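Here is a short tour of a protein model, written to be read with the structure open beside you. Take a look at the fold first, and then we can walk through some of its parts together.

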Amino acid sequence: MSRYHQLTTEQPASVVDLNLAPNTSCVLVKKQTIEVRPTPLPILQPDGILVKVMASGICGSDLHNYLAGGVGGRPVTEPLVMGHESSGEVIAVGEFVTTHKVGDRVAIEPGLPCRRCANCKAGRMNICLDVKYCGAPGSVGSLMRYFALPADMAPHLPESLSWEEAGSLQPLAIGVAIGIRADLRAHQTLAIMGCGPIGLITAAVAHANSAKLIIGFDINPKRCEFARKYISPITGRPIFDRVFQVDSLPTTRKSANGANGHDAHDENVGDVKYDAAKERAKEYLAIMNVEADGVDRVVEASGAEDAGLLGIAIAKQGATSVVTFTMLTPSPDLAVGLGHHQTNIFPTLAVTNKEIDVKGITRYTSTCFPNAIDLVRRGQVDLKQLITLVLPLTESKRAFDAVASGEEIKVIIKNQEC
Ligand SMILES: [Zn+2]
Ligand SMILES: [Zn+2]
């Protein structure tokens, strides 16, 4: 069994005495094969807490893990408990813990940094060189009934938050991280490429930060429709000012002549696509009455090459563009949020001329979970609307299939319902 956080291998009496039910878990046995079965109860550590997990969200990286049998280039070599978006109730605390008590409601921060590598020492724990990430190959996940973690990785939750909402907090922490990375500020204009959970949550964070204009793009009409109905708890009106349904960019020109004075023979498909992206961007900007030559910020949350091109085309000179979650797509028509490892086309000249800052992002940084909890507690972000399906732990396979279908936005598993 892979480990997450382990200093001692002896279970303290406080846990043994609880006489807990078997630790039913969602186990990835191999590529596309899930078994719901008991796994060993995690050992409560002296600096840790034992959590009765109540709800867990399923996200694109879990799905990728399931479909491809590994994530981030690391294959699954032994049965792995999946999941990393969980919350629950504290049922035991380690002997050194003073911050938590039995009965506390907590979120589980899934990324355990090593605290020793150069990146951790530089304060960038999200890109720790030796991170233990729940549900990633090598680190046990939280799609189980009982999960143990260091107490400082379990921020407290307000009573007002339902368990289902608590199971969607981790993506909101990522939305907060995107806001920081993109340097989102009040009165900015923003384009979001991709209206899956991360795109929607990024919009909600931008809205809570008093964005001036939020435009969404997606290729999937159902996702566009959903995004149009995502209502702000602050204003009671839609969060997106407008959501455009977009098509793939053309790969050949209508006319035989190349644009920009090029001979058509000198052109590659990137020139053709980027010119089309520029034309479309101009139309969208005109419809939205954007005064500058483009938007202040772009967040690419789809993983699709064409969306990246449109994102650069619609960005104004000096804009910041943040690219999130780009991973191999197991099937080309899969839900947004997963892309290919590489793109073939990058609009180098446009990025140079416009002086666009293109930034990648990995997960979230240490302040993001508490910030996410504040956003929900203060009623500035509503996660409830995003939850479209809730299933018991025993139906984990159905949950993964539902995420794979692209029909659902946020799928939540109730870990105690087995
Ligand atoms: Zn996730
Ligand atoms: Zn580290």
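## Two helices that cross

For packed helices, axes are lines fitted to C-alpha atoms over the stretch in contact, and angles run from 0 to 180 degrees between N-to-C directions. Helices and strands themselves are DSSP runs, numbered from the N terminus (helices are H or I with at least four residues, strands E with at least two). With that in hand, α2 and α12 pack at about 105 degrees, and their axes are 10 Å apart. This makes α2 roughly perpendicular to α12, where angles of 65 to 115 degrees count as roughly perpendicular, under 35 as roughly parallel, over 145 as roughly antiparallel and the rest as oblique.

On the α2 side the contact is made by L63, Y66 and L67, and on the α12 side by F400, V403 and A404. Two residues are in contact if their C-beta atoms, placed from the backbone, lie within 7 Å. By class, this contact has six nonpolar, no polar and no charged residues; Ala, Val, Leu, Ile, Met, Phe, Trp, Tyr, Cys and Pro count as nonpolar, Asp, Glu, Lys and Arg as charged, and the others, Gly among them, as polar.

## About the model

The model is predicted, so local features need pLDDT of at least 70 and side-chain atom pairs count only at pLDDT 80 or more, while totals for chains, interfaces and linings use all residues. Residues are numbered from 1 along each chain as its sequence is written, and chains are lettered from A and ligands numbered from 1 in the order in which they are written.

The chain is divided into domain 1 (13-168 + 383-414) and domain 2 (172-361), with bounds that come from an automatic or database domain assignment. The C-alpha centres of the two domains lie 31 Å apart.

## The buried side of α12

Which residues of helix α12 are buried? In this helix (residues 396-405) they are S396, A399, F400, V403 and A404. They cover an arc of only 135 degrees around the axis, so they sit on the same side of α12; the arc is that of the directions from the helix axis to the C-beta atoms. A residue is buried if 20 or more other C-beta atoms lie within 10 Å of its own, exposed if 12 or fewer, and partly exposed in between.

The partners of these buried residues include the strands β1 (23-30), β2 (33-39) and β3 (48-58), as well as α2 (60-68).

## A second crossing pair

Helix α5 (residues 169-181) packs against helix α11 (residues 368-377) at an angle of about 105 degrees, with their axes 8 Å apart. The two are therefore roughly perpendicular to each other. Among the contact residues are L169 and V176 of α5 and F369 and N371 of α11. By class, the contact has eleven nonpolar, one polar and no charged residues.

N19 has a positive phi near 50 degrees and lies in the loop between α1 (13-16) and β1. N19 counts as exposed because it has 6 C-beta neighbours inside 10 Å. N289 has a positive phi of about 55 degrees although it is not a glycine, and its loop runs between α8 (269-287) and β15 (295-300).
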